[in-house]
Structures are given as C-alpha cells and as structure tokens.
Amino acid sequence: MKIVLITGMSGSGKSVALHALEDSGFFCVDNLPPELLVDLIELEQKQQAKRVAIAMDVRSASSLPLVPHQLGVLQRRGMDITCLFLDATTETLVRRYSETRRKHPLSQSQSVQGDNDQRRALMDAIELERNLLVELRAQAHVIDSSIIRPSQLQAYVKELIAATGQQLTLVFESFAFKRGVPSDADYVFDVRMLPNPHYEPELRPLTGRDQPVIDFLQAQPEVDVMRAHIAQFLEYWLDALARDHRSYVTVAIGCTGGQHRSVYLVECLAQRFAARWITLKRHREIDAIG
C-alpha cells in the first residue's frame with residue numbers, strides 16, 4: 001500500500017495537496033486523529049486499497065507526538081510511506097488568515113480587541129504551531145507554498161508522489177532572491193554574481209531555457225565554473241545523504257529575477273544528475289507565470 005501523510009501549517013495549502021492526490025486516485029482522509037492512523041490503514045488493507053492519503057495537523061495537537069511511532073509501526077509492516085509538510089512564511093499565513101477571516105485553530109479567543117492585538121495573537125498562534133510540528137517537519141519533505149499558486153502546488157505534489165521510490169529524489173529549484181529564499185531548500189546557491197542576460201535587451205524577455213540565453217551563458221567562463229562547483233559539491237555528498245535515509249534533497253539556485261541564470265543552471269544540473277538519481281525540476285518564478 002502506498003501511504004502519503006500530509007501535515008503542515010494551517011493555511012499552507014494542505015487541502016489543495018489532498019485534492020491533488022484525490023485527483024491522482026488516492027483515497028483521502030482529512031483531519032484524521034493520529035490515534036486512528038494504524039486502525040485506518042488496517043481497514044483499508046481489508047478493503048484492498050492501494051493508495052491512501054491522510055492529512056493531519058495541529059487540530060489534533062495533543063496526540064501528534066504519537067505519529068512518529070505509528071509511522072514506524074507501518075513501515076515495519078512493509079508500507080510505502082511518504083511524508084509531505086506544507087509550509088509558508090509567517091507573514092504569508094497572517095495575510096491568508098486576514099483575507100479569509102478564519103480563526104487559527106490555536107487561537108485562544110474568538111475576538112481580540114484592536115487590529116494590532118489581533119495580528120499579534122495570530123502570530124503567536126502560528127509560532128506555537130511551528131513548535132508543535134517541528135518533529136513532523138524534520139521527518140518530511142517540505143514544500144514552501146508562500147508565493148506559489150494552488151495549481152503549482154498541485155503539480156509539485158503530483159510530481160513528488162510519482163517520483164517517490166526507494167532511491168533518493170533530487171529536486172532542483174530556481175528562484176528569485178527578490179521574492180525570498182524558499183524555506184523548503186536543503187541547500188541554497190547564490191549565482192547573482194554571474195553575468196546577467198537581463199542587461200542584453202534581446203535576451204531580457206527570454207528565460208534560461210531559451211537557446212539565445214543558453215548560448216550567452218555558455219560563453220561566460222564564470223558560469224561554467226559555478227556549475228562545476230555546485231556539481232562537485234553534490235557528487236561528493238549525495239551518497240552520504242542517501243545512506244542517511246534521506247528521501248528528498250532540494251537544491252535551490254537563486255539569481256535576482258529567477259528567470260535566466262538560475263533557470264539555466266537548474267536545467268544543466270538536473271540533466272547531469274538524472275542519469276543516477278531521480279531528478280525533478282522547479283522554476284518557481286517562471287512556473288508562476290506559465
């Protein structure tokens with residue numbers, strides 16, 4: 001049986017992720033009390049279910065510490081388990097709650113006098129939630145939903161589940177520093193010091209996947225040195241990460257706009273490592289446009 005456990009911050013997109021899995025043929029259960037996890041899986045086994053997705057969050061705060069032990073029980077029974085953690089910046093979560101007017105599950109009261117007091121209470125609830133979920137986050141593959149669209153999130157979830165196996169999955173992600181560093185990154189490389197195609201008028205509207213930009217960057221010796229250094233670092237450490245039972249490693253490469261240099265290097269590195277590792281590509285900024 002293939003089991004996907006979705007956890008994460010309230011307001012980070014767990015429902016969107018669950019819907020993506022439902023579209024992919026999973027039997028989905030939202031807000032399952034952790035005490036019922038093993039019982040549910042046993043029931044679904046009797047029903048001969050092959051793919052089950054379960055969402056748990058801080059609404060079951062008192063029993064969340066049970067989850068790591070129960071996952072261990074299921075793994076020892078031969079279950080194929082993938083844990084996903086949906087995250088977002090505190091500022092993003094505050095904005096989403098403000099827009100929807102929903103109450104955070106850890107809020108202490110229904111109403112707080114004054115906008116400043118209300119914002120502070122919400123931020124306190126979010127930070128408390130982070131502390132309660134820290135162990136689950138450490139054991140899961142993290143997806144930062146702060147500035148991606150729901151359709152992007154759905155695509156990321158489907159790609160990750162399709163790629164999941166016994167082998168480590170390597171995720172290369174391009175991004176723009178001006179929009180923030182992805183919180184799901186295990187390693188971050190800054191390539192803003194490289195020659196920038198943005199300053200060539202004919203290249204400005206293109207991306208690092210377009211041949212004129214590729215030709216420009218391939219002609220820059222510094223770009224090739226950067227690509228070689230990142231590849232050398234990963235080649236040295238990926239085996240050790242795999243031996244440490246890591247399921248996913250996310251390598252984020254950032255430039256100013258997330259359009260040219262970082263995209264080109266993600267494409268190059270993904271192609272280089274695809275022969276040995278399961279490899280996925282994300283282009284946070286240009287995927288948001290497409």
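**Salt bridges and a buried aspartate**

A search of the whole structure finds 19 salt bridges. A salt bridge here is a side-chain nitrogen of Lys or Arg within 4 Å of a carboxyl oxygen of Asp or Glu. Side chains of opposite charge can pair when their charged atoms come close.

The model is predicted: local features need pLDDT of at least 70, side-chain atom pairs count only at pLDDT 80 or more, and totals for chains, interfaces and linings use all residues. Residues are numbered from 1 along each chain as its sequence is written, and side-chain values use heavy atoms, with hydrogens and water left out.

Start with Asp 80 and Lys 2. Their side chains form a salt bridge, 3.7 Å from N to O. This pair links distant parts of the chain: Asp 80 belongs to strand S4 (residues 80-87), Lys 2 to strand S1 (residues 2-8), and 78 residues separate them. Strands (E, at least two residues) and helices (H or I, at least four) are DSSP runs, numbered from the N terminus. Lys 2 is buried at 10% relative accessibility. Asp 80 is partly exposed at 28%. Buried means under 20% relative accessible area, exposed over 50%, and partly exposed in between, using a 1.4 Å probe and protein chains only.

Next comes Asp 239 with Arg 276. Here the salt bridge spans 2.4 Å, N to O. It too links distant parts of the chain, 37 residues apart: Asp 239 sits in helix H8 (residues 221-243), Arg 276 in the loop between helix H9 (261-273) and strand S9 (278-283). Asp 239 is partly exposed, at 25%.

Arg 192 and Asp 190 also pair, at 2.8 Å, N to O. Arg 192 is partly exposed at 39%. Asp 190 is partly exposed at 29%. Elsewhere, salt bridges link Asp 87, Glu 127, Arg 130 and Arg 137 in a network.

Now turn to Asp 144, in strand S5 (residues 141-144). Asp 144 is buried yet has no salt bridge. What is the nearest side chain of opposite charge? It is Arg 284, 5.1 Å away. For charge, Lys and Arg count as positive, Asp and Glu as negative; His and the chain ends are not counted.

Asp 144 does have polar partners. Its side chain makes a polar contact of 2.6 Å with the side chain of Ser 146. A polar atom of the Asp 144 side chain also lies 2.8 Å from the backbone nitrogen of Ser 183. A polar contact is a pair of N or O atoms within 3.5 Å; within protein, one must be able to donate a hydrogen and the other to accept it, and residues adjacent in sequence count only if both atoms are side-chain atoms.
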